[in-house]
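Dear colleague,

I am handing over the structure we spoke about, and you will find it directly below.

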Amino acid sequence: MGPAKVAVPSPNDFLQKRSKEPKLAPKKKEEDGKKLLPLSVPPRTYYPVTRIKKNFISKNALAVMTGEPKKPRHFCVDTRQGDKYLLEPSGLFPKYINKKNYGILPKYVIQRNEEMKREEEEYQASVLEQLKKKAMKVLSEEERTNILKALKKNWEEINRAYQGLPIVTDTRYKQMHKEELELKLKQLEHDIAAIEKHKCVYIANV
């Protein structure tokens, strides 16, 4: 009975910091008898040895003596004070007319002109075709003669009916019938005169 008798822990066995974290294995300098390759990056204490000295003055003088001389630049002075400007970018210097392809149309312009010409020809052909479809028909001489004979025959029949009308038109029906015959006679006379006057008669395709 009573509390269990347990050994009291020693004060020297206290819990230390990071004692429960897993510990990594110690690094080995050499594995399987192979040495590690040295780093390609130089250390901080490395300073390259610069012993090459160039004489830039003699180098520049030699380049000037052996090089091609500079071409003079063309200037234009237009004031008494001597104000000048470059002649080449001003547009007064004949720069482009000395080219080999000066005045020659580019290929894309020639191609575009050919396409436009071909499209214009196709459009004109389609317009002519539409006009031919809608063109008026010309009456032949035989058809013209037959129509003229039929009109004259019709005029004679209506004229005979008109001559057979009574002299006294006392009713409204007689007056209307007389006016109708007169209008038909006038129309027939007009058509006969038009056909006799014009030898070529055209008929529209409605």
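The protein chain contains four helices and four strands, and, when these are read along the sequence, they follow the pattern α-β-β-α-β-α-α-β. The radius of gyration of the protein chain is 60 Å, well over the 17 Å that the globule rule gives for 206 residues, so the chain is more spread out than a compact globule. Please keep in mind throughout that this is a predicted model.

As for its extent, the C-alpha atoms of the protein chain fill a box of roughly 160 × 110 × 50 Å along the principal axes. Of the 206 residues, 6% are buried, while the chain exposes about 21300 Å², with carbon and sulfur atoms supplying 58% of that area.

Among contacts between residues at least 6 apart in sequence, 50% join residues at least 24 apart.

The largest nonpolar core consists of eight residues, namely Leu-148, Leu-151, Ile-158, Leu-181, Leu-185, Leu-188, Ile-192 and Ile-195. Helix H3 (141–163) and helix H4 (172–197) are the elements that give two or more residues to this core, and H4 gives the most, with five residues.

With best wishes

How values were computed: Residues are numbered from 1 along each chain as its sequence is written. This is a predicted model: local features need pLDDT of at least 70, side-chain atom pairs count only at pLDDT 80 or more; totals for chains, interfaces and linings use all residues. Side-chain values use heavy atoms; hydrogens and water are left out. A nonpolar core is a set of buried Ala, Val, Leu, Ile, Met, Phe, Trp, Tyr and Cys residues joined through side-chain atoms within 4.5 Å. Buried means under 20% relative accessible area, exposed over 50%, partly exposed in between (1.4 Å probe, protein chains only). The radius of gyration is taken over C-alpha atoms; the globule rule is 2.2 Å times the number of residues to the power 0.38. Contact means heavy atoms within 4.5 Å. Accessible areas come from the Shrake-Rupley method with a 1.4 Å probe; for residues, only the protein chains shown count as cover.
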